[in-house]
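Here's a quick briefing to read with the model open beside you.

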Amino acid sequence: HFGDAVTYTGNTTFSSDTQQFDGGVTGGANLTLVANTLTSGGPISGSGILNILPLSATTIGLAGAGGGGDLLISQALLDQTSGFTQLVIGASTGTVDIQSGALTLGVDTTLQSGTGQVHLQSTVDGAHVLTVNTGGLTRFQGNVGSTTALASVTTDAPGTTQIDASSMRTTGAQTYNDPVVTSGVLSLVASTVTLHTAGNLRLG
């Protein structure tokens, strides 16, 4: 628990079960926050990559997702971040699930897990890149880019992508490197759409 504003220099990592920054965290490089519960009463800023990783949680609750979890990250907290070139949430190994409510991306964002599910339960907007990497299920339940088109959407080769949304809209490319399954009529609006496993695409 930091009662005052925290200033960091160079690449910095804070790791603890519960992290509370009453005055925010400010610096000029990469910042890594490893925790199961994270809150900030002030800005979180830097000029490199912001990494948010679970310490020991089995589920990450991102942006107020129903079903919760141990690492709770609200949209308000995401809105506090500034200056970073990229936001990376989750670890590239392990079985952690990532869940989200409605999101508006403020920076290029990567959601990742080793074999856990990445479940975007509501809409996703914001003129930025969204990358989802997991060997488990990637699920888009809400429309993507319906208010503000994303720059691009990319999923990695392992796992499966399930699209329950009716619309995925980007100004740039949509690249699905894993098998894609849909649950109804789907509109894909993009500069290019790449389905590397088109034979596994099921519409309706």
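The side chains of Thr161 and Asp178 meet in a polar contact of 2.9 Å; that term covers a pair of N or O atoms within 3.5 Å, where within protein one must be able to donate a hydrogen and the other to accept it, and residues adjacent in sequence count only if both atoms are side-chain atoms. Keep in mind that this is a predicted model, with local features needing pLDDT of at least 70 and side-chain atom pairs counting only at pLDDT 80 or more, while totals for chains, interfaces and linings use all residues. Residues are numbered from 1 along each chain as its sequence is written, and side-chain values use heavy atoms, with hydrogens and water left out.

**Around Thr161**
- Thr161 sits in strand E21; strands (E, at least two residues) and helices (H or I, at least four) are DSSP runs numbered from the N terminus.
- Thr161 is buried, at a relative accessible area of 0%, where buried means under 20%, exposed over 50% and partly exposed in between (1.4 Å probe, protein chains only).
- Setting aside neighbours within four places in sequence, Thr161 has contacts that include Thr138, Phe140, Thr155 and Tyr176; a contact means heavy atoms within 4.5 Å.

**The salt bridge**
- How many salt bridges does a search of the whole structure find? There is 1, by the rule that a side-chain nitrogen of Lys or Arg lies within 4 Å of a carboxyl oxygen of Asp or Glu.
- Asp164 and Arg139 form a salt bridge, their closest N and O atoms being 2.6 Å apart.
- This pair ties together distant parts of the chain, 25 residues apart: Asp164 belongs to the loop between strand E21 (160-163) and strand E22 (167-169), and Arg139 to strand E19 (residues 137-140).
- Arg139 counts as partly exposed because its relative accessibility is 22%.

**The nonpolar core**
- The largest nonpolar core has 36 residues, and Leu31, Leu50, Val124, Leu130, Phe140 and Ile163 touch the most other members. Such a core is a set of buried Ala, Val, Leu, Ile, Met, Phe, Trp, Tyr and Cys residues joined through side-chain atoms within 4.5 Å.
- Elements giving two or more residues to this core include strand E5 (31-35), strand E8 (49-54) and helix H1 (75-80).
- Ile163 touches Phe140, Met168, Tyr176, Val180, Val181, Thr182, Ser183 and Leu186, leaving out residues up to four places away in sequence.
- As background, nonpolar side chains tend to be buried together in soluble globular proteins.

**A parallel sheet**
- Four strands make an open sheet in the order E1-E4-E7-E11, with parallel pairing; two strands pair if DSSP finds at least two bridges between them.
- Strand E1 (6-8) and strand E11 (81-82) are the edges, each pairing on one side only.
- Strand E7 (residues 44-45) runs parallel to E11 over 2 bridges, and Ile44 has Thr81 as its bridge partner in E11.

**The start of the chain**
- Is His1 buried or exposed? His1, in the segment before E1, is exposed at a relative accessible area of 65%.
- The His1 side chain makes polar contacts with the side chains of Asp22 (2.7 Å) and Gln20 (3.5 Å).

**The whole protein**
- The secondary structure comes to 1 helix and 26 strands.
- Of the 204 residues, 47% count as buried.
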